[in-house]
Amino acid sequence: MALYTTAAEAAYLSGQYEEMERLAAEVAVHSQQFLDEIPVHMYKIQALSAQNRLVEAIDFALPVLQKLGIRLPRQPNRRHLVTAVLRLRLALRGKPVESLLDLPRLSDPTMMAAVTLMTHLGVAAYFANTELFALIVLQLVQISVKYGNHPFSCRNYVAYGLMLCGPLRDIESGYRFGQLGVALADRLEVPEVKAAAMLLMNNFVRHWKENLQAVIPSFQEAYQIGLETGDLQFASFSAYAQCATSFYAGLELPPLVTQASRYGEAMRRFKQEKILYVHCLFQQSAANLAGEAAAPYELVGSYYDENEVVPQYMAANDNSALCTYYVQKGLLCYLFDQNEQAQTALSQAEPLLGSIVGSHVVPVFRFYDSLNLLALYTDADTVEQRRILEKVTANQKKMAYWATHCPANYSHKHMLVAAEQARVLGKTAEARHLYDTAVDLAHENAFLNEEALGYELAGRFYLEMGNGRLAHHYLQQAYYAYSRWGAAAKADYLAESYPAISLQERQSGSPSSLILTDSSPISSSQSGAASLLDFASIVKASQALSGEIVLDKLLARLMDLVIENAGAQSGCLLLEEAGQWQPAAYGGEMTAEWTPPPAIINYVARSQKSVVLDDAAQSDQFSFALDTAVTERGVKSLLCMPLLHQSGLMGILYLENDLAAGVFTRDRLAVLNVLASQAAISIENARLYGRLAEHSRTLEQQVAQRTAQLARATQEAQAARAAAEQANANKSAFLANMSHELRTPLNAIIGFTRIVKRRGRDVLPEKQVNNLDKVLVSARNLLQLINTVLDIAKIEAGRMEVHPAAFDVAELVILCADTIRPLLQDGVALQTDIQPQLPPLVSDQAKVQQVLINLLSNAVKFTREGSITMRVYQTEDELHFAVIDTGEGIAAEALVRVFEEFEQALPEAQTEFASTGLGLPISRRLARLLGGDVTAVSQPGAGSVFTLRLPLRLENSRESSK
């Protein structure tokens, strides 16, 4: 029986669902009691959920639960839910949330079976039947409170937390229940449920209190834990959540598309179809914005086809996936001004919001629903306008509530909608302030996507107000922000389609400024190409000029760009030399054999005004100043303009066209003004660079003549240092790559060894079970070694991230002591001495815990009798964690090496204690990464003291080692 059950589990894990069904049927036929069938029923529920056969999973599970005495209605109503909420609140009355950690372990076999099946049924119910999911969670938490904690209680506490954060509107309690679930997974030492608990916490709870950016690394950790423990379902959910959250958090899009592809391949191997086709929705959304789709608001491309997939959502009754699709569709349509389509999609999403309870997609819906409604406001009739304002007000009330608990995620969204609301109501001054506040908050909290949107909406607002200069500034910033996000399709759309940016002269007649039209945005089809500025081309041309600092190359590049953009046949650029304006570069058909009319050049140099002649050979203007060569050649269009920088004349540009009159139009003059402004700056920079380069060459020659020997020595030292740095980099890369390659098979060994041990305990000989224990111990030790090596490689490569947060020092110390206590040798006491009323420590709790565990473990290894004391005290702005032992002590000559990699304090340490010599080196590296250090003092025969020093508050500059 046990072998069939284990084989069924293996078939499920490998995606062989038909074989799993066959084996499960054999177990059901030959089982002597119903409880023996529970594991295979659990695998069947998971398999049906993975294949997106959600309704089948529910229909299968409910009769099975009924045999265990659990009667759940197929369609719970409000009365069922209200009753369950009241019963749970009554059961929790007088019990602090944290006290649930200390509940006894659930031991009733029937209740254990019920908890197992109901927990897995909850996954299918979340996606297909929200009311049933809520009822299941409420009953599961009540079972834990009444009968004791089950390993799946970890997941269920977090699931209750997401309900509190969502429909029950108690974010603070919900966050505490989420933390409770994750902490319980550590307390019970059940890694097989930790991936699920972490996924639920990070995807449905943390964003109500913490910035989305801080949540994303935890998804990677949950994914890895899921792989290690064989929880392929929640490993896949974690991969999906990482990509979806990265999209909403405004992380760069092209790398996101690549990462999503890797995760998608893993989901296909795991046969996790349920989450795969929602995962691909976000991959396609990112690809659309990155410019990989012809119509970026149509979700049809290499990764996803809405025409095929959405009917599958509907057939599977997958309301969660359907709702998420409609929100994404509405978001993309809004960004590309398809407002009617956006409203259709968002209206279809709203009735389904209950199916994504607790998800960050809910606030995203409220945000874009409000923005799109306000975009439709102007063209709506009076009745519809009133309805729009009522709907936006309702959305804003929810957003304001969320912003009070997590301003990092929701304040800028609330402000941006408020700005748009003020705009449509004509509250100009209020709108100005709100737009700027929204952009500042989005920037401060690293939401690049919504910072770009804030700039864009502010730019449109200023266009409506007729303030072209401010509109240009905000739209330019939007263009840059979208480009940095990687949303090339949106950046191109902004540059090409709206607002209609044109270049006009000032009223004084000087074409020296770039201003926007006062009209509303228009498309390129509504105006001739000559009246529109190719904004992206101007930006690229300006960047080309600003990037060149060698004068000769700069002048040649400038003339190429001018001839290309002005419509000239020939031209030259003049620079001042010894008080005279001399040609420095030629373009088009003009060569050094001919020079511009001196009188025109002198006039422009004196007046610093442009001269434009539509038909120079026939013009009465400046006829006195024209050379006979101009009239004889029949020059038609002529332009001579100054290049000005900080009121100084940097150069003069002279252009001709012999074929057509009136070539140098107002639009082309404005384009040239933009290029001329950048050219003047670049010429000044190039000249400075030239003088600096010449001065540098002189100094270099002097230094070379006087210190040739020193130069050779320096060169040799640099080469040696470069070789050492390259060797170090190669070592780090090798360690990282090898660690990754080794972890993958080790995770499989650990996972399947656990399965065989758990399912074969009753049939395998005791010796074989002991052998499995040895395999697990060895594999875990090797995995720990690999993880330590990988940490060292990450620190050396500068890729170790630090996530500071405030935490209670006493709680952490007690947790570390409890963790180490089972390892103590007989006759050794472990005690703590914590200074009262210590302030919270702002640092990376996980890394501090890792260092303390390492120090305590080291003390345990070398202390055979006596005591180990963890003493914690404050000195000014530092905390000291001293680990004091009465062990053998360390000789002075060995003490100086204990922080070196692969060194042991005693010669026999490696064989006696299976030490790798990496614990103390990684501890010191982590401590220094956190702004502190680890020091050691010791006396042979009297013991040792290892002290971790940390600043009370980790500085911002140390928050990442990137």
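Three cavities of 30 Å³ or more are present in the structure, a cavity being a set of points on a 1 Å grid over the protein atoms alone where a 1.4 Å probe fits but cannot get out. Volume is the space filled by probe spheres set on the points, with grid points joined across faces, edges and corners. The model is predicted: local features need pLDDT of at least 70, side-chain atom pairs count only at pLDDT 80 or more, and totals for chains, interfaces and linings use all residues. Residues are numbered from 1 along each chain as its sequence is written, and side-chain values use heavy atoms, with hydrogens and water left out.

The largest cavity holds about 490 Å³ of space. Its lining (residues with an atom within 4 Å of a point) comprises 38 residues, with Tyr 126, Phe 127, Leu 199, Asn 203 and Phe 204 nearest the centre. Two or more lining residues come from each of helix 6 (109–128), helix 7 (130–147), helix 8 (153–165), helix 10 (194–204), helix 12 (232–248), helix 14 (273–289) and helix 16 (319–335); helices are DSSP runs of H or I, at least four residues, numbered from the N terminus. Helix 12 gives the largest share, seven residues. By class, 25 of the lining residues are nonpolar, eleven polar and two charged (nonpolar: Ala, Val, Leu, Ile, Met, Phe, Trp, Tyr, Cys and Pro; charged: Asp, Glu, Lys and Arg; polar: the others, Gly among them).

The second largest cavity, of about 80 Å³, is lined by Phe 247, Tyr 248, Leu 331, Leu 335, Val 364, Tyr 368, Asn 449, Glu 450, Tyr 482 and Trp 485. Helix 12, helix 16, helix 18 (361–376), helix 22 (448–464) and helix 23 (468–485) each give two or more residues to this lining, which divides into eight nonpolar, one polar and one charged.

Technical notes
On a 1 Å grid over the protein atoms alone, a cavity is a set of points where a 1.4 Å probe fits but cannot get out, and a pocket is an open set with protein on both sides within 12 Å along at least five of seven lines; lining residues have an atom within 4 Å of a point.
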